[in-house]
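Student: I would like to learn how to read a structural model feature by feature. Could we take one chain and work through it?

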Amino acid sequence: MPFDVQDLSGTFSVADIAIALSLSFVLSAMIGWVYRFTHRNISYSQSYVQTLVILGMLIALIMLVVGSNIARAFALVGALSVVRFRNAIKETRDVGFIFLVMGVGMAAGTRFYTLAITAAVAISLIILVMYRFNWFASSIQRQVVKVQVPPDGEYTAHIQDVLIAHTSEFELVSMETIRGGALTEMMYTVRLKKGHGPGDLITALGERTGGQRVTVLTGYDQTDL
């Protein structure tokens, strides 16, 4: 029984494939460099940035395959629904970059080339401006204070007196017994008053804890007594 093999590649040309993949690669790589340049924390991952570039090209390829065919779109959704990703995203902004390269890849794959270029350049410039001028940074710096004291209510009152004197606000986050109940460890979030440093707070607390350990986490380093 004769059968026909239908070639569906006529819906897009070789030039369309080359332009879509090349454009998505260039724009995704540009977004990757913007991510690398504006990354502040120590959790930078080269693998993540390379994945951004690959993802942009894959989305462009998928959009070429799907085109305007609804049946292919539903088949693709069903195929991708079996994929499970277990890697946790370390930072919220990383999710934004993933959606950015996906949007650029979708625009390139559907042959909206001007839209892809304009959106990628405009959003990248906005990211650079926010990084350069440090938009939305909070000037409020809080510290975490961990204090170990004997299980005596008198020590707790002394600790609170010190916090009142050195901080503009504080809040008890947790309290637990350690070393088999021999000590009580209390954790506070505090906001130091102007002119009071972490060292001053540690010294004052050390005089009221009976020689037990005091730790102040400033967000940049850790100071112990």
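Predicted model: local features only at pLDDT ≥ 70, side-chain atom pairs only at ≥ 80, totals over all residues.

Student: What does the secondary structure of the protein chain come to?

Tutor: Helices (H or I, at least four residues) and strands (E, at least two) are DSSP runs, numbered from the N terminus. The protein chain has seven helices and five strands. Along the sequence they follow the pattern α-α-α-α-α-β-α-β-β-α-β-β.

Student: How many of the 225 residues are buried, as a percentage?

Tutor: Buried means under 20% relative accessible area, exposed over 50%, and partly exposed in between (1.4 Å probe, protein chains only). Buried residues are 29% of the 225 in the protein chain. The accessible surface, from the Shrake-Rupley method with a 1.4 Å probe and with only the protein chains shown counting as cover for residues, is about 14600 Å² for the protein chain, and 62% of that belongs to carbon and sulfur atoms.

Student: What share of the contacts joins residues 24 or more positions apart?

Tutor: A contact means heavy atoms within 4.5 Å. Of the contacts in the protein chain with a separation of 6 or more, 70% are between residues 24 or more positions apart.

Student: How does the span of helix H2 agree with what its residues should give?

Tutor: The expected span of a helix is 1.5 Å times one less than its number of residues. Helix H2 (residues 46-66) has 21 residues and should span 30 Å; its end C-alpha atoms are 30 Å apart, which agrees. H4, with 18 residues, reaches 26 Å from its first C-alpha to its last, close to the 26 Å expected.

Student: Which residues of H4 are buried, and what do they pack against?

Tutor: The buried residues of H4 are Asp94, Phe97, Ile98, Leu100, Val101, Val104, Gly105, Ala107, Ala108 and Gly109. They pack against H1, H2 and H5. On the H2 side, the buried residues include Tyr48, Leu52, Ile59 and Met63.

Student: Which residues does Ile59 touch?

Tutor: Ile59 lies in helix H2 and is buried, with a relative accessible area of 13%. Not counting residues up to four places away in sequence, Ile59 touches Met102, Gly105 and Met106. Ile59 and Ala107 are 48 residues apart in sequence, and their C-alpha atoms are 9.2 Å apart in space.

Student: Is Ala108 buried or exposed?

Tutor: Ala108, in helix H4, is buried, with a relative accessible area of 0%. Leaving aside neighbours within four places in sequence, Ala108 is in contact with Ala20, Leu23, Ser24, Tyr113 and Ala116. The C-alpha atoms of Ala108 and Ala20 are separated by 5.1 Å, although the two are 88 residues apart along the chain.

Student: How many salt bridges does a search of the whole structure find?

Tutor: Side chains of opposite charge can pair when their charged atoms come close. A salt bridge is a side-chain nitrogen of Lys or Arg within 4 Å of a carboxyl oxygen of Asp or Glu. The search finds one. Asp16 pairs with Arg111, the closest N and O atoms being 3.3 Å apart. Asp16 lies in helix H1 (residues 14-38) and Arg111 in the loop between H4 and helix H5 (113-132), so the pair ties together parts that are 95 residues apart in sequence. Asp16 is buried at a relative accessible area of 17%, whereas Arg111 is partly exposed at 35%.

Student: Which residues have a positive phi although they are not glycine?

Tutor: Most residues other than glycine have a negative phi. Arg111 has a positive phi of about 70°, and Asn134 has one of about 55°. Asn134 sits in the loop between H5 and strand E1 (143-149) and is partly exposed, with a relative accessible area of 42%.

Note on methods: Residues numbered from 1 in each chain as written. Heavy atoms only, no water.
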